[in-house]
Amino acid sequence: MREILRRLLTGAVYVILLLSAVFLSSDAFDFLFMTFGLACLYEYKRMIKLPGYHIFIAYLALWWAFIYIIDDKIPVNILMFITISINFILLYYLFSGKEKLFNNLQKFIIGLFYIGGGCIFLTMIPYKDNEFAKFLIMGVFILIWVNDTFAYLVGKSIGRNKLFPSISPKKTIEGAIGGFVFALAASYFLSKYETNISLGQWLILATVIVITGSLGDLIESKFKRAAGVKDSGAILPGHGGMLDRLDSLVFAAPFAYLTLIIFSHVS
């Protein structure tokens, strides 16, 4: 009971902090996710034993450039292509069944774009037509939370078939399906609040976020298994590290951003 209360309290503080940043101002939201990115990179760096502090400098430079300086679509598209390419390399790493020993340069590049690029695109998602779309970014968070919550509840209740036992033994196929179904249901209600995206587009976005977010969760689990640790850190009592909380979001963010870009060109 004490552990459950600690998890609930930490989760409530995290949600309040997030909501406050989203509805306070776009600058508060930007700063919060820049800070979250630094925390995730610190945990990643420690987990995979990446020496030095160059990755923090590179991330801050990249983040500052793309959030405040670069306004041209070509550099953004290049960053998106690199980030998604790194994510596909991590998917190969996930499904290869082998323990890949990355050298320090590879660890640096993977961290910079998998986490740094993911946080940058997560920060860029709500900026639509030079306006800060609060309900759009909240919708992305809600879809991830609904999927995670109901995947856990359904899996715990009726889960029988393991999804990826070698990487995450507790996850089940039934749980994954349950999380997906409830995320689709949530997207229906989100379409009533964020009307710049149609119901059909919300359903597509939910599908992209659930699939890529679930894969991102599994990739971080593989990193932890390779490092021999249960959690990426201990900054969030009862929840582990910041990367444990944001693994789905940072991996899904560039795919969600690409999906929204496609919507803007076909609508």
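**Exercise 1.** Is Phe-135 buried, partly exposed or exposed?

*Solution.* This is a predicted model: local features need pLDDT of at least 70, side-chain atom pairs count only at pLDDT 80 or more, and totals for chains, interfaces and linings use all residues. Residues are numbered from 1 along each chain as its sequence is written, and side-chain values use heavy atoms, with hydrogens and water left out.
- Take the cut-offs: buried is under 20% relative accessible area, exposed is over 50%, and partly exposed is in between (1.4 Å probe, protein chains only).
- Phe-135 has a relative accessible area of 41%, so Phe-135 is partly exposed.

**Exercise 2.** Classify the ring pair of Phe-23 and Phe-135.

*Solution.* 
- Rings of Phe, Tyr and Trp (its six-membered ring) pair if their centres lie within 6.5 Å; planes under 30 degrees apart are stacked, over 60 edge-to-face, the rest tilted.
- By this rule there are 22 aromatic pairs.
- For Phe-23 and Phe-135 the centres are 6.0 Å apart and the planes stand at 70°, so the pair is edge-to-face.
- Phe-23 lies in helix 1 (residues 2-24) and Phe-135 in helix 6 (residues 134-158), so the pair links distant parts of the chain, 112 residues apart.
- Helices here are DSSP runs (H or I, at least four residues), numbered from the N terminus.
- Phe-23 is partly exposed, at 42% relative accessibility.

**Exercise 3.** Describe how helix 2 meets helix 5.

*Solution.* 
- Axes are lines fitted to C-alpha atoms over the stretch in contact, and angles run from 0 to 180 degrees between N-to-C directions.
- The axes of helix 2 (residues 26-48) and helix 5 (residues 104-124) come within 10 Å and cross at roughly 160°.
- Helix 2 is therefore roughly antiparallel to helix 5 (under 35 degrees is roughly parallel, over 145 roughly antiparallel, 65 to 115 roughly perpendicular, the rest oblique).
- Contact means heavy atoms within 4.5 Å.
- Residues of helix 2 in the contact include Phe-29, Phe-33 and Tyr-44; those of helix 5 include Lys-107, Ile-110 and Leu-122.

**Exercise 4.** Which residues form the ring cluster that includes Phe-29?

*Solution.* Ring pairs join Phe-29, Phe-33, Phe-36, Tyr-127, Phe-132, Phe-141 and Trp-145.

Conventions
Helices (H or I, at least four residues) and strands (E, at least two) are DSSP runs, numbered from the N terminus.
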